[in-house]
Amino acid sequence: MKKEIITITFAVVTALAINSLNAQDMSNGKLDKIEVTEDMQPVNPDWFTGTGWLEMLVTDTDTFGVSVGNVIFKPGCRNHWHKHPGGQLLIVTDGMGYYQERGKPVQVLHKGDVVAIYPGVEHWHGATPDSWFAHMALGTNPEAAPTEWMEPVSDDVYFNLDK
C-alpha cells in the first residue's frame, strides 16, 4: 500500500510541476522567465543565499508519508549546506542547477533529472549563476527528524566549482 501511495504521489507531483511553471526561451537550458505564483513564499534567508520561492504542495506527512515543495531559484540562488535525516528526492522541472554532496564534485542538473539524497547526507542545491532553476523537493521519511541546516555555500566556493 505504501508503495502505491508513493507511486501515485510521484505521478501527481510530476503533473503539478509540469503545469505550475510557465517558462519561456529554453535555449541552452536558460530561462528568461519562470512564473512565480501568488501561492509561493520567499525562501528563508537564514537557509538560502539569493532570491527564491517555495510553495508547499503536500504537508500532511502523517497521511502520505512525504512532504512536497515546489522551489524556484533565481540565477545565483542556492541553499546552505544541510541534511535530511529521512532523505530527500529532487525532481528538476526547469532550468539548470547544481547539486553537491560534501566532499564530492558538483553535479550539473537539467530538466528531468532526479536526485536521490540518502538520509543524513550533507549537501546543497541551487541555480547556476546565469540560469533560473526549479525543482520539486520530496521529503522522505519525515518522521525521522527535521532538516538540519549548516553554513552557507560561500561565493568563493560557488563561483569556482569544478564542472
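Modeller: Strand S6 is covered on both faces: Val 66, Val 68, Asn 70 and Ile 72 on one side and Ser 67, Gly 69, Val 71 and Phe 73 on the other are all buried, where buried means under 20% relative accessible area, exposed over 50% and partly exposed in between, with a 1.4 Å probe and protein chains only. In a regular strand, side chains alternate between the two faces of the sheet. S6 spans residues 66–73, and eight of its eight residues are buried. Strands here are DSSP runs of E of at least two residues, numbered from the N terminus.

The model is a predicted one, in which local features need pLDDT of at least 70 and side-chain atom pairs count only at pLDDT 80 or more, while totals for chains, interfaces and linings use all residues. Residues are numbered from 1 along each chain as its sequence is written, and side-chain values use heavy atoms, with hydrogens and water left out.

S6 has strand S5 (residues 52–58) as an antiparallel partner, joined to S6 by six bridges; two strands pair if DSSP finds at least two bridges between them. Gly 69 of S6 is the bridge partner of Met 56. S6 also pairs with strand S13 (residues 133–140), again in the antiparallel sense, over eight bridges. There, Val 68 has Leu 138 as its bridge partner.

Leu 138 of S13 also stands opposite Leu 89, and S13 pairs antiparallel with S9 over seven bridges. S9 (residues 88–101) is mostly covered, with 13 of its 14 residues buried. Gln 88 stands opposite Ile 117 in S11, and Tyr 99 opposite His 125 in S12.

The structure holds nine aromatic pairs; rings of Phe, Tyr and Trp (its six-membered ring) pair if their centres lie within 6.5 Å, and planes under 30 degrees apart count as stacked, over 60 as edge-to-face and the rest as tilted. Phe 48 and Phe 73 have ring centres 6.0 Å apart and planes at 40 degrees, so this pair is tilted. The two residues are 25 apart in the chain, Phe 48 being in strand S4 (residues 48–49) and Phe 73 in S6. Both are buried. Phe 48 also pairs with Trp 149, with centres 6.2 Å apart and planes at 45 degrees, so that pair is tilted too. Trp 149 lies in strand S14 (residues 148–149), 101 residues from Phe 48. Phe 48 has a relative accessible area of 13%, whereas Trp 149 is partly exposed at 27%. Phe 48, Phe 73 and Trp 149 form one aromatic cluster with Trp 47 and Phe 133.

S6 also takes part in the lining of the largest pocket. On a 1 Å grid over the protein atoms alone, a pocket is an open set of points where a 1.4 Å probe fits, with protein on both sides within 12 Å along at least five of seven lines, and lining residues have an atom within 4 Å of a point. Of its 29 lining residues, Ser 67, His 84, Gln 88, Thr 147 and Trp 149 lie nearest the centre. S5, S6 and S13 are the elements that give two or more residues to this lining, and S13 gives the largest share, five residues.

Definitions and conventions:
Helix = DSSP H or I, 4+ residues; strand = E, 2+ residues; numbered from the N terminus.
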